[in-house]
Amino acid sequence: MENVAGKVVVITGASSGLGAETARHLVEAGAKVALGARRKDRLDALVDELGSDNARAFQVDVTKREQVEAFVKGSKEHFGRIDVMLHNAGLMPMAPLSMNRYDEWEQCIDVNLKGVLYGVGAVLPIMKEQGSGQNIFVSSVAGHVVNSVSAVYCATKFGVRAIAESLRQEVKEDGLRTTILSPGAVESELPGSVKAEGVQEAIADFYEKQAIPASSFARAAVYAISQPEEVDINEILFRPTSQTF
Ligand SMILES: NC(=O)c1ccc[n+]([C@@H]2O[C@H](COP(=O)([O-])OP(=O)(O)OC[C@H]3O[C@@H](n4cnc5c(N)ncnc54)[C@H](OP(=O)(O)O)[C@@H]3O)[C@@H](O)[C@H]2O)c1
């Protein structure tokens, strides 16, 4: 795969789902990956699978700014540079607003928005100094359309697109690339973050019927990375063929 081999890719939320599968595809294409998440045992197993020359695990809670900074700094120290950061960690605690699930609102905003901002803050100086780099943001179909049980999740995913587009304009002159990937239902552990009674069952059922393999996302990420440096893939929105909304 052109323009992927040899690149160093930092991935948040690499312990499962889309992040883990993208790490596999990237290593297959010759990249090196720095894997971040809270579940270190999962990351260590993935490093074993991918090989310690190709992958390194970092325990990080993206809601803690100093931990995100340490993750990015450690990745740079270990691999010598950072070509891409995939801002992927996220959760989807869907519920009607009237349920007043305040803890979930805060956690969703802390991980999906503040975690992303901490990643950008940590990696941008490195990419600017290099004069190259690519930030890949993970929004969602829920960053394009809303429904009645996903106000806070949608707010974070619309927000991710706003952050990404603003960053794209800001770092144009630094030669940096900015990509937004917006998947529909993809197989992962994400439905497990829906805890609200009534909603949980409906989402689990929807994913069981509709979700497509995580490789669909990984291929989109690798495609965006693999373009020549002067080509900036800004946004990819994709759904299962059977997904209506
Ligand atoms: N699957 C879909 O249908 C779909 C659709 C649209 C968008 N997305 C987006 O895709 C991204 C990846 O989700 P996924 O589908 O792969 O779900 P997943 O399997 O549940 O993965 C979520 C990842 O985020 C990590 N994470 C959660 N909280 C974290 C924290 N505080 N600090 C660090 N890492 C944290 C988890 O790791 P630990 O628990 O080990 O920390 C895990 O690796 C999310 O942003 C999600 O919103 C997914």
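Me: Let's start with N3. Is N3 buried, exposed or partly exposed?
Reply: N3 counts as partly exposed, because its relative accessibility is 30%. Buried means under 20% relative accessible area, exposed means over 50%, and partly exposed is in between, with a 1.4 Å probe and protein chains only.

Me: Where is N3, and what is its phi?
Reply: N3 is in the segment before β1. N3 has a positive phi of about 65 degrees, although it is not a glycine.

Me: Before I go on, what kind of model is this, and how are the residues numbered?
Reply: This is a predicted model, in which local features need pLDDT of at least 70 and side-chain atom pairs count only at pLDDT 80 or more, while totals for chains, interfaces and linings use all residues. Residues are numbered from 1 along each chain as its sequence is written, and side-chain values use heavy atoms, with hydrogens and water left out.

Me: OK. What about phi of N100?
Reply: Phi of N100 is near 50 degrees, a positive value in a residue other than glycine. N100 sits in the loop between β4 and α4. N100 has a relative accessible area of 40%, so it is partly exposed.

Me: How do β1 and β2 pair?
Reply: Strand β1 (residues 8-12) and strand β2 (residues 32-37) pair in the parallel sense over five bridges. V9 stands opposite V33 in β2, and T12 stands opposite G36 in β2.

Me: Why is β1 largely enclosed?
Reply: Five of the five residues of β1 are buried, so the rest of the structure largely encloses it. Both faces are covered: V8, V10 and T12 on one side and V9 and I11 on the other are all buried.

Me: Switching to helices. At what angle do α4 and α5 cross?
Reply: Helix α4 (residues 102-130) and helix α5 (residues 151-170) cross at roughly 15 degrees, and their axes come within 8 Å. Axes are lines fitted to C-alpha atoms, for helices over the stretch in contact, and angles run from 0 to 180 degrees between N-to-C directions.

Me: And the handedness of that crossing, left or right?
Reply: The crossing of α4 and α5 is right-handed. A crossing is right-handed if the near helix is turned clockwise from the far one by less than a right angle, and left-handed if anticlockwise.

Me: Which residues make the contact?
Reply: On α4 they include W105, C108 and N112, and on α5 they include V152, Y153 and K157. Contact means heavy atoms within 4.5 Å. By class, the contact has 12 nonpolar, three polar and one charged residues. Ala, Val, Leu, Ile, Met, Phe, Trp, Tyr, Cys and Pro count as nonpolar, Asp, Glu, Lys and Arg as charged, and the others, Gly among them, as polar.

Me: Is Y153 buried or exposed?
Reply: Y153 counts as buried, because its relative accessibility is 7%. Leaving out residues up to four places away in sequence, Y153 touches L91, M92, M94, C108, N112, S140, A142 and L190.

Me: And N135, where is that?
Reply: N135 is in strand β5. N135 counts as buried, because its relative accessibility is 1%. The residues that N135 touches include M85, H87 and L167, not counting residues up to four places away in sequence.

Me: Last one: how do α3 and α4 pack?
Reply: Helix α3 (residues 65-79) and α4 pack at an angle of about 35 degrees, with their axes 8 Å apart. The crossing of α3 and α4 is right-handed. R65, V68, E69, V72 and K76 in α3 meet Y118, G119, A122, V123 and I126 in α4. That contact divides into six nonpolar, one polar and three charged residues.

Note on methods
Helix = DSSP H or I, 4+ residues; strand = E, 2+ residues; numbered from the N terminus. Pairing = 2+ DSSP bridges.
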